[in-house]
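Open the model in your viewer and keep the sequence panel beside it. Each stop below tells you what to select and what to look for.

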Amino acid sequence: MGRYSYAYNDQVDYAVIPLIGEIPKRWGRMNPMSRVLIVEVGRLLLDNNIIESGEKCSDIGKTVGLIGATSRGCLKTDYDFLASMDDATGLASPALFGYTLPNIPLAEAAGQFGLTGPVYALFETEKPLERADQQAQSLLTNQPEISLMLACEFDHLETPGSADTLLLNLTIVE
């Protein structure tokens, strides 16, 4: 599982608490991509001295947004949700349902860090990070009240016969 092994643990890895501040109440129900986005957005904000551990951007007067581009959206979670209907009960997992939209991992990170600027997902198969960066730059140009934007490429990939792969490239756009 490598770099993002904490994303597959329903219990918070205590090594990430300094990066995320308080533990999100929904952590145990979150899909792995939501966990990765929360931890890595926290790491980026802290490493660049934008916030201190436990702070939210909105609490210190910063309007920050997050644009994510994905080539597959939440397809992995969608498949898991459909597979949950095959269980003996015939009912789909309500815990997975909330993560069947591609913008939800971005929204989880936004809530955790008080990102009150624009937050949404784009679909882009060719150059996802470049597309997210362009969109973030456009927002900064047209909305001067935004302090800065985060842009990312994110995907949760699964190929038959291999382990899940979580992909995240995250950057600051000023």
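Start with Ala132. Leaving out residues up to four places away in sequence, Ala132 touches Ile67, Gly68, Ala69, Leu122, Ala151 and Cys152. Keep in mind throughout that this is a predicted model.

Where does Ala132 sit? Ala132 belongs to helix H6, residues 128–142. Its relative accessibility is 0%, so Ala132 counts as buried. Ala132 and Leu122 are ten residues apart in sequence, and their C-alpha atoms lie 7.3 Å apart.

**The whole chain**

Zoom out and colour by secondary structure. The protein has six helices and four strands. Along the sequence they follow the pattern α-α-β-α-α-α-β-α-β-β. Colour by burial next. Of the 174 residues in the protein, 45% are buried.

**Cysteines**

Select Cys152, one of the residues that Ala132 touches. Cys152 is buried, at 0% relative accessible area. Go on to Cys57. Cys57 also counts as buried, because its relative accessibility is 0%. How many disulfides are there? With a cut-off of 2.5 Å between cysteine sulfur atoms, the count is zero.

**H2 against H5**

Select helix H2, residues 32–47, together with helix H5, residues 104–113. Their axes come within 8 Å and cross at roughly 45 degrees. That angle makes H2 oblique to H5. The crossing of H2 past H5 is right-handed.

Show side chains on both helices.

- From H2, pick Met33, Ser34, Leu37, Ile38, Val41, Gly42 and Leu45.
- From H5, pick Ile104, Pro105, Leu106, Glu108, Ala109, Gln112 and Phe113.

These two sets meet where H2 contacts H5. By class, the contact has ten nonpolar, three polar and one charged residues.

**Around H5**

Is H5 largely enclosed or open? Eight of its ten residues are buried, so H5 is largely enclosed by the rest of the structure. The buried residues are Ile104, Pro105, Leu106, Glu108, Ala109, Ala110, Gln112 and Phe113.

Bring the surroundings back. The cover over the buried residues of H5 includes helix H1 (17–20), H2, strand S1, strand S2 (119–123) and strand S3 (148–157). Then step just past the end of H5 to Gly114. Gly114 takes a positive phi of about 65 degrees.

**The loop between H2 and S1**

Select Asn49, in the loop between H2 and S1. Asn49 is not a glycine, yet it has a positive phi of about 55 degrees. Most residues other than glycine have a negative phi. Asn49 counts as exposed, because its relative accessibility is 68%.

Stay in this loop and move to Lys62, which lies between H2 and strand S1 (64–70). Lys62 is partly exposed, at 30% relative accessible area. Which residues does Lys62 touch, not counting those up to four places away in sequence? They are Ile50, Cys57, Thr116 and Ser147. Draw a distance from Lys62 to Ser147. The two are 85 residues apart in sequence, but 5.7 Å apart from C-alpha to C-alpha.

**Towards the chain ends**

Go to Asn9, in the segment before H1. Asn9 is partly exposed, with a relative accessible area of 34%. Beyond its neighbours within four places in sequence, Asn9 is in contact with Trp27 and Arg35. Asn9 and Asn31 are 22 residues apart in sequence, with 9.9 Å between their C-alpha atoms.

Finish at Thr165 in strand S4, residues 165–173. At 40% relative accessibility, Thr165 counts as partly exposed. Thr165 touches Asp155, His156 and Leu157, with residues up to four places away in sequence left out. Thr165 and Tyr4 are 161 residues apart along the chain, and their C-alpha atoms are separated by 9.2 Å.

Terms used:
Residues are numbered from 1 along each chain as its sequence is written. This is a predicted model: local features need pLDDT of at least 70, side-chain atom pairs count only at pLDDT 80 or more; totals for chains, interfaces and linings use all residues. Side-chain values use heavy atoms; hydrogens and water are left out. Axes are lines fitted to C-alpha atoms, for helices over the stretch in contact, and angles run from 0 to 180 degrees between N-to-C directions. Angles under 35 degrees count as roughly parallel, over 145 as roughly antiparallel, 65 to 115 as roughly perpendicular and the rest as oblique. A crossing is left-handed if the near helix is turned anticlockwise from the far one by less than a right angle, and right-handed if clockwise. Contact means heavy atoms within 4.5 Å. Ala, Val, Leu, Ile, Met, Phe, Trp, Tyr, Cys and Pro count as nonpolar, Asp, Glu, Lys and Arg as charged, and the others, Gly among them, as polar. Buried means under 20% relative accessible area, exposed over 50%, partly exposed in between (1.4 Å probe, protein chains only).
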